[in-house]
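Open the model in your viewer and keep the selection panel at hand. We will go from stop to stop.

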Amino acid sequence: EAGRPSLYPSVISNTSKEMSAFSDFPFPEHFPVFLPNALLLDYLRRYAEHFSLREHIRFGTTVVSIRKHPDFATTGQWNVVTEAGGKQTSDVFDAVMVCSGNFWEPSLPLQCFPGIERFQGQYFHSRQYKHPDVFQGKRVLVVGMGNSGVDIAVEASRVAAKVTISTTRGAWLLSRVFEHGYPWDMILNTRLMSLIKTSLPRHLSWWLMNHKVNQWFNHENYGLQPENRYFLPVLNDDLPSYILTGRITIKPGVKEFKDNSVLFHNCPEEEPIDIVVFCTGYVISFPFLEESIVRVENKHASLYKYVFPTHLQKPTLAVLGLIKPLGAIMPVAEMQARWVSRVFKGRGANVSPPVPQNAAQTKLDTFYPSGQRDPRAKKFRWLVYLDTLASFIGAKPSVLGLLCTDPWLALTIFFGPCSPYQYRLGGPGRWEGARQAILTQWDRVLKPTRTRVPAGSSSSFPSLLTVVGLLVLLAAVIFGF
């Protein structure tokens, strides 16, 4: 879901099923392209059953603490205290993966909102939101416009008397329905597009992406134009039309709350409100770890490749999923786990160990726009990161090598979407079905949408030559050929 948790039942994933799948387990072909919460949960259950994982999962168990074993410097072991049914248990583990992700502890900086203590209406963090019925007939203010904020505002506007979004920064908006109706991530997250973006000067690359987004609608006319020019998109299909029809209003940042109203910066009129939803993000928190294990400064955890603490004597603790990719998070977390498991086992000379603090920081900064330290800006290059980790374990596909042995597959991999199955073509964990999964990915995308097929219709998936032609034309425009 592009790094966003499924916290309420009606949420729809922001990444397509083909780009969100685990690399050796495609989604059922009858599932919709963008999944509602219930079907995503169904997929996870199918995955657990297929690989017999349930027997290894301890539900209803809380991790109380993770501490270094007394002889950690020699063994790298950890003392882990868990609690289940009111009883605590202590165990010793050889290695630990921390998979609590970005959305562990809500950030609710009430001190930044003067007058909130006297506000007589209801307010809560977006993490507490479950169903739009709470907004029935109310005047709603949504503070912040990340993915959750916009989704909540859109849902609220269907039952509320009025909905207002307050944003200090604005946002670029991206539709799930991209060129010719294909999923956005299957068009943008390709090896050719990645090559173009990494070859161009950074500022030109960001400008082109922003220009592309503005072709859908002029963000300045809708009050959404970001003050920061970098491309930090929000995924939503409905917001522009809801602004046009007056169901949602965009306002600047909150200046002050009154008893039953709010005052915005540069707006003299007070806005009457009944409910405030603070979509103010999350803080990085590891309450079960000592602060010295994972160092968090300025909402940033210093981790080599977003995974390994850089100062431990033994690389036996890893943090997975502490990322906000501009793409599906499940393949990224899976690739992190594949790398980490091999580090834990000590397998593979091509697996890079953690490095000193200053070198790790340099590695991290290569994925950020210049000067961007806000957690919202950590939308690193999804495909570059996947390839980097895949190269550590020998699972990165070789397009040039495949051109000699399987040219059709090589062209599909380079010009088509970088679906996760590419990382099962070779190396450890190779999956025999990877090639077929790649070549049939468009069939699975369009099968649930082509429920009525007109006579004489075209093929059920885009012609590769057509895609190649469009991409070559795009390259010609960009490079001035």
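Contact here means heavy atoms within 4.5 Å. This is a predicted model: local features need pLDDT of at least 70, side-chain atom pairs count only at pLDDT 80 or more, and totals for chains, interfaces and linings use all residues. Residues are numbered from 1 along each chain as its sequence is written, and side-chain values use heavy atoms, with hydrogens and water left out.

**Stop one: Glu-18**

Select Glu-18. It sits in helix α1, residues 17–20. Helices (H or I, at least four residues) and strands (E, at least two) are DSSP runs, numbered from the N terminus. Is Glu-18 buried or exposed? Glu-18 counts as buried because its relative accessibility is 0%. Buried means under 20% relative accessible area, exposed over 50%, and partly exposed in between, with a 1.4 Å probe and protein chains only.

Now show its partners. Leaving aside neighbours within four places in sequence, Glu-18 is in contact with Met-186, Ser-419, Pro-420, Tyr-421, Gln-441, Arg-444 and Val-445. Look at the side chains of two of these. A polar contact of 2.9 Å links Glu-18 to Tyr-421, and one of 2.8 Å links Glu-18 to Arg-444. A polar contact is a pair of N or O atoms within 3.5 Å; within protein, one must be able to donate a hydrogen and the other to accept it, and residues adjacent in sequence count only if both atoms are side-chain atoms.

**Stop two: a five-stranded sheet**

Next, colour the strands β6-β15-β7-β8-β11. In that order they form an open sheet with parallel pairing. Its edge strands are β6 (122–125) and β11 (248–251), each pairing on one side only. Two strands pair if DSSP finds at least two bridges between them. Zoom in on β6: four bridges join it to β15, residues 275–278. Here His-125 stands opposite Phe-278.

**Stop three: the cores**

Select Trp-184, Phe-308 and Trp-339. These have the most contacts inside the largest nonpolar core, which has 41 residues. Such a core is a set of buried Ala, Val, Leu, Ile, Met, Phe, Trp, Tyr and Cys residues joined through side-chain atoms within 4.5 Å. Its largest share, eight residues, comes from α11. Finish at Phe-124 and Ile-250, which are among the 28 residues of a second, separate core.
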